[in-house]
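Okay, hi everyone, it's my turn today. Have a look at the structure on the screen and I'll talk you through it.

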Amino acid sequence: MNGRTVLERFPAGGPRGSWPAEEFAHARRMEGLPAEVVMDLATDAFLVIVRGEAAADAAA
């Protein structure tokens, strides 16, 4: 599978010095998921995603 799964969305306008998307992704990585943060310019939001094979595992 060559897709991605969005685990969570965070608005880009969070409080200064706050990184909720990065913190969420870090917690998922500690659980063993290769989570990463990407920017969705269309919705002005940060997405925490997993790609490829891990996306299928995360969706299950």
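So, of the 60 residues in the protein chain, 27% count as buried, where buried means under 20% relative accessible area with a 1.4 Å probe, counting protein chains only. The chain exposes about 4,100 Å², and carbon and sulfur atoms supply 53% of that; those areas come from the Shrake-Rupley method with a 1.4 Å probe.

Quick housekeeping. This is a predicted model, so local features need pLDDT of at least 70 and side-chain atom pairs count only at pLDDT 80 or more, while totals for chains, interfaces and linings use all residues. Residues are numbered from 1 along each chain as its sequence is written, and side-chain values use heavy atoms, with hydrogens and water left out.

Now, the elements. We've got two helices and three strands, and from the N terminus they go β-α-β-β-α. Helices here are DSSP runs of H or I with at least four residues, strands are runs of E with at least two, and the numbering starts at the N terminus.

The three strands make an open sheet, ordered E1-E3-E2, with antiparallel pairing. Two strands pair if DSSP finds at least two bridges between them. At the edges sit E1 (4-11) and E2 (36-40), each pairing on one side only. On average, neighbouring strands are turned by 35° against each other, direction ignored. Between E1 and E3 (residues 45-51) there are seven bridges, and Arg9 has Leu47 in E3 as its bridge partner.

What lies across the strands E1, E2 and E3? That's helix H1, residues 20-30, running at about 145° to E1. Axes are lines fitted to C-alpha atoms, for helices over the stretch in contact, and angles run from 0 to 180 degrees between N-to-C directions.

Let's zoom in on Ala21, which is in H1. Is Ala21 buried or exposed? Buried, with a relative accessible area of 5%. Leaving aside neighbours within four places in sequence, Ala21 is in contact with Phe10, Val37, Phe46 and Val48, contact being heavy atoms within 4.5 Å. Ala21 and Val37 are 16 residues apart along the chain, but their C-alpha atoms are separated by 6.6 Å.

Ala21 also belongs to the largest nonpolar core, together with Phe10, Ala25, Ala35, Val48 and Val50. Such a core is a set of buried Ala, Val, Leu, Ile, Met, Phe, Trp, Tyr and Cys residues joined through side-chain atoms within 4.5 Å. H1 and E3 are the elements giving two or more residues to this core.

Definitions and conventions
Buried < 20%, exposed > 50% of the residue type's maximum accessible area, 1.4 Å probe, protein only.
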